[in-house]
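This briefing goes through one protein chain by topic.

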Amino acid sequence: MNDRNIPLTEDELHAYVDGELPAERSTDVEAWLVAHPDDAERVQSWRAVAEMLHARYDSVAQEQVPARLELERLERRPRQWLYGAAAAMLVAFVAGGTAGWVAHGAANAPSTFQNFTTDALDAHRLYVVEVRHPVEVGGNERDHLQAWLTRRCGWTVFAPNLEASGLKLVGGRLLPGPNGPASFLMYEGASGERYTIYTAKTENGATQMRYARTEKDGALFWAERGVGYVVSGGGDRDRLTKVAQAVYDQAEKKGT
């Protein structure tokens, strides 16, 4: 890449963060980032996420492969092989240090990303300003809210506990989504800041996490097991990333 005016691809930026580019190409990328602060900001956020993932999961990547995942046993139990392979892929991803927060899946189609983030940010801006009617079901009815949204949406909807992030559940509502119904949950901090979690069915099984911003609001999108998630909040990207990671971690534990 001798011409530094040629736009970089997202894959090249990820490879740069992961240290997988040749030295001369890395030099060109560094020159590009100096001249393109938006890309520099993205690279910085990916590195921050990578550091958090390494701190949390490096010990798992170094563990010995369990006996239940040995090839001889997997051949005798083909169904369990599928789950073992998925677990091995996740460990390989963590060990590899991929900074794009890839959720053991393929790249996200731009149309899916745009549809989800546009709908989620529109809903976020519409309802976070409401004082009396921001939600249909209040946070004091958490169990009812989760059961109702699960029944209407067709997948397990749960309201994560974000108290460690200083956020309390306000409640939720049912919304139309790109491919059917969507769930919408709202959280509020002591200072009045509000974050929302928008989930809906997606044709993509799993996708990398991606950031979008509209005016003063930001959103992080990813997909797992055919369900797309968008966590929306204010313009503080670091704060948004931490909230999204908390949602992501709890969703993984729930297996939703």
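R225 counts as partly exposed because its relative accessibility is 44%; buried means under 20% relative accessible area, exposed over 50%, and partly exposed in between (1.4 Å probe, protein chains only). The model is predicted, so local features need pLDDT of at least 70 and side-chain atom pairs count only at pLDDT 80 or more, while totals for chains, interfaces and linings use all residues. Residues are numbered from 1 along each chain as its sequence is written, and side-chain values use heavy atoms, with hydrogens and water left out.

**Loop residues**

- R225 lies in the loop between β6 and β7; helices (H or I, at least four residues) and strands (E, at least two) are DSSP runs, numbered from the N terminus.
- Although R225 is not a glycine, it has a positive phi of about 55°.
- N140 sits in the loop between β1 (137–138) and α7, and N140 counts as exposed at 72% relative accessibility.
- N140 and V170 are 30 residues apart along the chain, and their C-alpha atoms are separated by 8.0 Å.

**Chain overview**

- The chain has 8 helices and 7 strands.
- Of its 256 residues, 44% count as buried.
- Among the contacts in the chain with a separation of 6 or more, 61% come from residues 24 or more positions apart; contact means heavy atoms within 4.5 Å.

**Nonpolar cores**

- A nonpolar core is a set of buried Ala, Val, Leu, Ile, Met, Phe, Trp, Tyr and Cys residues joined through side-chain atoms within 4.5 Å.
- The largest nonpolar core has 30 residues, of which L162, Y187, W222 and V231 touch the most other members.
- Two or more residues of this core come from each of α7 (142–153), β2 (167–177), β3 (180–189), β4 (194–201), β6 (217–224), β7 (227–233) and α8 (237–254).
- The element that gives the most to this core is α8, with 7 residues.
- Beyond its neighbours within four places in sequence, Y187 is in contact with A159, P160, L162, L167, K168, L169, V170, E193, R194, Y195 and I197.
- A second, separate core of 18 residues includes F116, A120, Y127 and F221.

**G172 in strand β2**

- G172 is in strand β2, and G172 counts as buried at 0% relative accessibility.
- Not counting residues up to four places away in sequence, G172 touches V135, E136, V137, L145, F184 and L185.
- The C-alpha atoms of G172 and L149, which are 23 residues apart along the chain, are separated by 8.7 Å.

**Helices α1 and α2**

- Helix α1 (residues 10–17) packs against helix α2 (residues 23–35) at an angle of about 110°, with their axes 11 Å apart; axes are lines fitted to C-alpha atoms, for helices over the stretch in contact, and angles run from 0 to 180 degrees between N-to-C directions.
- α1 and α2 are therefore roughly perpendicular to each other, a term that covers angles of 65 to 115 degrees.
- The contact involves E12, L13 and Y16 of α1 together with R25, S26, V29, E30 and L33 of α2.
- The residues of this contact divide into 4 nonpolar, 1 polar and 3 charged; Ala, Val, Leu, Ile, Met, Phe, Trp, Tyr, Cys and Pro count as nonpolar, Asp, Glu, Lys and Arg as charged, and the others, Gly among them, as polar.
- α1 is mostly covered, with 6 of its 8 residues buried, namely E12, L13, H14, A15, Y16 and V17.
- G19, which follows α1, has a positive phi near 70°.

Note on methods. Parallel < 35°, antiparallel > 145°, perpendicular 65-115°, else oblique.
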